[in-house]
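Dear colleague,

Please find below the structure that I am handing over to you. I would ask you to look through it once before reading the notes that come after it.

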Amino acid sequence: MFLLTICLSPAGFSQSAEFIQAEAMKKMSWWIGEWKGMATTRLAQGRIDSVSMHESIKSNLGGSILVIEGIGHRMKNNMVTDEIVHHAFGVLSYDDKAGMYRWQAWRIPYGVYSEYAPEVFENEFRWGMDVPQGKMHYNAKLESNGEWLETGEFSRDGQTWLGFFEMRLLKEN
């Protein structure tokens with residue numbers, strides 16, 4: 001009778017929220033680690049801004065969230081400077097009740113906070129946003145050579161997209 005009661009209880013039919021969240025986050029396990037490389041952004045008048053990037057991604061809370069910190073230093077004359085031009089912190093999680101991923105990010109300069117409902121696939125992560133001038137979207141994925149490739153595109157009308165950002169990072173051992 002005790003076994004029957006356990007099997008028929010709600011706990012017997014469902015898995016814990018922590019288990020569901022951790023299982024969903026396994027799609028992004030490739031992201032965990034220390035990454036370094038370069039990011040380039042196309043600016044107005046055809047200028048290119050190059051940044052030396054370091055991204056640190058850690059699994060936390062039993063695998064149910066990923067914590068991401070990215071720091072970018074200005075590049076001048078092919079040398080990394082002490083000037084930090086990008087500092088971001090993010091949390092990627094899976095909301096088991098809503099059945100969706102959540103991406104919360106904070107960035108300086110400008111003290112920007114953003115929250116998105118990204119698309120998460122095996123070895124790939126996509127998110128987008130509306131901006132005053134149009135729309136932007138980003139795609140981060142693990143390439144077959146082990147490189148993290150992230151691209152960003154902009155559109156004024158949501159139809160025609162222009163690439164403006166590319167980041168290529170390698171995982172440190």
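This is a predicted model: local features need pLDDT of at least 70, side-chain atom pairs count only at pLDDT 80 or more; totals for chains, interfaces and linings use all residues.

The interior

The largest nonpolar core has 32 residues. Those that touch the most other members are Met28, Trp31, Leu66, Leu92, Trp103, Phe125 and Trp148. Strand β11, residues 162-171, supplies the largest share of this core, with four residues. As general background, nonpolar side chains in soluble globular proteins tend to be buried together.

Leaving aside neighbours within four places in sequence, Trp31 is in contact with Ile57, Leu66, Ile68, Leu92, Trp103, Phe125 and Trp148.

Is Gln21, by contrast in topic, buried or exposed? Gln21 counts as buried because its relative accessible area is 17%, and the cut-off for buried is under 20%. This residue lies in helix α3, which covers residues 17-25. With neighbours within four places in sequence again left aside, the contacts of Gln21 are Gly63, Ser64, Tyr94 and Asp96.

The paired strands

Strand β7 (residues 119-121) pairs with strand β8 (residues 124-131) in the antiparallel sense, over three bridges. Phe121 stands opposite Glu124 of β8. The hairpin of β7 and β8 has two residues between the strands, and Asn123 takes a positive phi near 60 degrees there.

Strand β8 also runs antiparallel to strand β9 (residues 134-142), to which eight bridges join it. Asp130 has Lys135 in β9 as its bridge partner. β8 and β9 likewise form a hairpin with two residues between them.

Val131 belongs to strand β8. Not counting residues up to four places away in sequence, Val131 touches Met136 and Phe154.

The surface

Phe89, Trp106 and Tyr113 make a nonpolar surface patch of about 300 Å². Of these, Phe89 is found in strand β4, residues 79-95.

Yours sincerely

Terms used
Residues are numbered from 1 along each chain as its sequence is written. Side-chain values use heavy atoms; hydrogens and water are left out. Patches are made of residues with over 30% relative accessible area and no salt bridge: like charges are joined within 9 Å, nonpolar side chains (Val, Leu, Ile, Met, Phe, Trp, Tyr) within 5 Å. Accessible areas come from the Shrake-Rupley method with a 1.4 Å probe; for residues, only the protein chains shown count as cover. A salt bridge is a side-chain nitrogen of Lys or Arg within 4 Å of a carboxyl oxygen of Asp or Glu. A nonpolar core is a set of buried Ala, Val, Leu, Ile, Met, Phe, Trp, Tyr and Cys residues joined through side-chain atoms within 4.5 Å. Buried means under 20% relative accessible area, exposed over 50%, partly exposed in between (1.4 Å probe, protein chains only). Contact means heavy atoms within 4.5 Å. Two strands pair if DSSP finds at least two bridges between them.
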